[in-house]
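I opened my notebook to look up a few things in a structure. The entries follow in the order I made them.

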Amino acid sequence: MIGLWSAHSQTFLLAMASVTTLAFALPITFAPLAWSRLMQWKVPADTDLVIYFARCLGVFILIVEALAFRAGLTGVAIEFTFQVLLAVFGLMVVLHAVGMVQRIQPWTENAEILMYSGLAVLALLFWPVAG
């Protein structure tokens, strides 16, 4: 399974980064309250801390997106980028599963468990294999 579609690993990175940049990174960075309401979160009256942490998260997502775009366009550090992505996807599954068990997040966040699991499987399928 690992690397089954490795010939298309750069295309996967470009597609994945394009979608997640538009759906997550940019909205979380620049419109965190609108994004959180769309995802069914209850937004507190005092939003300064929410905005701060959301923007911090958004910037880190943009860093990962930049790695994916660079590797997708040039092939530079492509294996490292896949390692980073697999770590992100795996830890996001754990994070969302904990939130689901604790019942502290909206259903949209529970659904992200499937999304991140699927992205992890796709990352393994598109894993770059030398030769």
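Where is the place of Pro44? I looked, and Pro44 sits in the loop between helix H2 (32-38) and helix H3 (48-74). I note here that the model is predicted.

**Entry: Pro44**

I asked next how open Pro44 is. Its relative accessible area is 40%. Buried means under 20% and exposed means over 50%, so Pro44 counts as partly exposed. Then I checked Pro44 against Phe69. The two are 25 residues apart in sequence. In space, C-alpha to C-alpha, Pro44 and Phe69 are 35 Å apart.

**Entry: the whole protein**

How many helices and how many strands does the protein have? I found five helices and zero strands. Reading along the sequence, I wrote the pattern down as α-α-α-α-α. The C-alpha trace spans about 55 × 30 × 20 Å along its principal axes.

I looked up burial too. The protein has 131 residues, and buried ones make up 38% of them.

Charges came next. I noted 5 positive and 6 negative side chains. The centres of the two sets lie 6 Å apart.

**Entry: a nonpolar patch**

Which residues make the nonpolar surface patch of about 290 Å²? I wrote down Leu4, Trp5 and Leu122. I followed up on Trp5. Trp5 is in the segment before helix H1 (9-30). Its relative accessibility is 37%. That value lies between the 20% and 50% cut-offs, so Trp5 counts as partly exposed.

**Entry: Ala23 in H1**

I moved on to Ala23, which lies in helix H1. Ala23 has 36% relative accessibility, so I put it down as partly exposed. How far apart are Ala23 and Trp35 in space, C-alpha to C-alpha? I read 9.2 Å for this pair. Along the sequence, Ala23 and Trp35 are 12 residues apart.

**Entry: positive phi**

I wanted some background before this one. Most residues other than glycine have a negative phi. I then found Gln40, which is not a glycine and yet has a positive phi of about 75°. Gln40 lies in the loop between H2 and H3. With 46% relative accessibility, Gln40 counts as partly exposed.

I also looked at Ala77. Ala77 is not a glycine either, and its phi is positive, about 55°. Where is Ala77 found? I placed Ala77 in the loop between H3 and helix H4 (78-102). Its relative accessible area is 31%, so Ala77 is partly exposed.

I took Val88 and Leu95 together. Val88 lies in helix H4. Leu95 lies in helix H4 as well.

Is Leu95 buried or exposed? I found a relative accessible area of 52% for Leu95. The cut-off for exposed is over 50%, so Leu95 is exposed. Val88 has a relative accessible area of 31%, so I listed Val88 as partly exposed.

Leu95 and Ile51 are 44 residues apart along the chain. Their C-alpha atoms are separated by 20 Å. Val88 and Ile61 are 27 residues apart in sequence. In space, I read 9.6 Å between Val88 and Ile61, C-alpha to C-alpha.

Note on methods: Residues are numbered from 1 along each chain as its sequence is written. This is a predicted model: local features need pLDDT of at least 70, side-chain atom pairs count only at pLDDT 80 or more; totals for chains, interfaces and linings use all residues. Side-chain values use heavy atoms; hydrogens and water are left out. Helices (H or I, at least four residues) and strands (E, at least two) are DSSP runs, numbered from the N terminus. Buried means under 20% relative accessible area, exposed over 50%, partly exposed in between (1.4 Å probe, protein chains only). Lys and Arg count as positive and Asp and Glu as negative; His and the chain ends are not counted. The place of a charge is taken as NZ of Lys, CZ of Arg, CG of Asp or CD of Glu. Patches are made of residues with over 30% relative accessible area and no salt bridge: like charges are joined within 9 Å, nonpolar side chains (Val, Leu, Ile, Met, Phe, Trp, Tyr) within 5 Å. Accessible areas come from the Shrake-Rupley method with a 1.4 Å probe; for residues, only the protein chains shown count as cover. A salt bridge is a side-chain nitrogen of Lys or Arg within 4 Å of a carboxyl oxygen of Asp or Glu.
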